[in-house]
Amino acid sequence: MKGLRLFVRIVDSVSVGIGRLTSYTMLILLVTSSIEIVCRYFFNNPTTWAYEFGQMTFGCYFLLAGAMTLKEREHVGMDIFIEKLSPRKKAGLNAVTFGFTSLFCLVLIWKGWEFAWPSIQRLEHSTSVWGPPIYPYKFMLPFGCFLLFMQALSNFFKDICFALSG
């Protein structure tokens, strides 16, 4: 039981730490979007990099913030079916849905790795004029899904313990 608590504590803290770190990408997006707006509309000279950078950065934000969102239980749910259940029954139902969540995450890790690995091996770059490396961004799919899976496993253990013991 001690090992399980340690696992849950580590996974939860990693999810929160990466989620907080990832939140700063919004500031980076704000600055780069502002630069693009000023260059495009005030100087009539748009950048060649801001749009693509924004897409890749927001993609990373979306993938890496998922684990913290799951830890805080902030994903959209169908509360109309479970709102009348007791907290212990809700925890039990959440534990049952772990199977679906884990299957989803494991398939995305597997397929995401198949998508990212050739790009990492080739050190793939974008074909745009700017041409940034895109293999780190492709790696974010299996990595973000791995974090999501680990957080789902942590939530599963917490839900099982709560459903059984209150």
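Where does glycine 19 lie? The residue sits in helix H1, which covers residues 2-23 (helices are DSSP runs of H or I with at least four residues, numbered from the N terminus). The model is a predicted one, in which local features need pLDDT of at least 70 and side-chain atom pairs count only at pLDDT 80 or more, while totals for chains, interfaces and linings use all residues. Residue numbers start from 1 along each chain as its sequence is written, and side-chain values rest on heavy atoms, with hydrogens and water left out.

Back to glycine 19: its relative accessible area is 8%, so it is buried (under 20% is buried, over 50% exposed and in between partly exposed, using a 1.4 Å probe and protein chains only). Between glycine 19 and valine 129 there are 110 residues in sequence and 32 Å in space, C-alpha to C-alpha.

Next come H2 and H3. Two packed helices are described by the angle between their axes and the distance between the axes. For H2 (residues 25-42) and H3 (residues 50-71), the angle is about 165° and the axes are 10 Å apart; axes here are lines fitted to C-alpha atoms over the stretch in contact, with angles running from 0 to 180 degrees between N-to-C directions. On the H2 side, Thr25, Met26, Ile28, Leu29, Thr32 and Glu36 meet Ala50, Phe53, Gly54, Thr57, Phe58 and Tyr61 of H3, where contact means heavy atoms within 4.5 Å. Seven of these residues are nonpolar, four polar and one charged (Ala, Val, Leu, Ile, Met, Phe, Trp, Tyr, Cys and Pro count as nonpolar, Asp, Glu, Lys and Arg as charged, and the others, Gly among them, as polar).

Serine 119 belongs to H5, residues 87-122, and counts as buried at 1% relative accessibility. Its side chain makes a 2.7 Å polar contact with that of glutamate 124 (a pair of N or O atoms within 3.5 Å, one able to donate a hydrogen and the other to accept it, with sequence-adjacent residues counting only if both atoms are side-chain atoms). Leaving aside neighbours within four places in sequence, serine 119 touches Glu124, Ile134, Tyr135 and Lys138.

Arginine 73 falls between H3 and H4 (79-82) and is partly exposed at 40%. Leucine 123 falls between H5 and H6 (135-165) and is partly exposed at 46%.

Key. Helix = DSSP H or I, 4+ residues; strand = E, 2+ residues; numbered from the N terminus.
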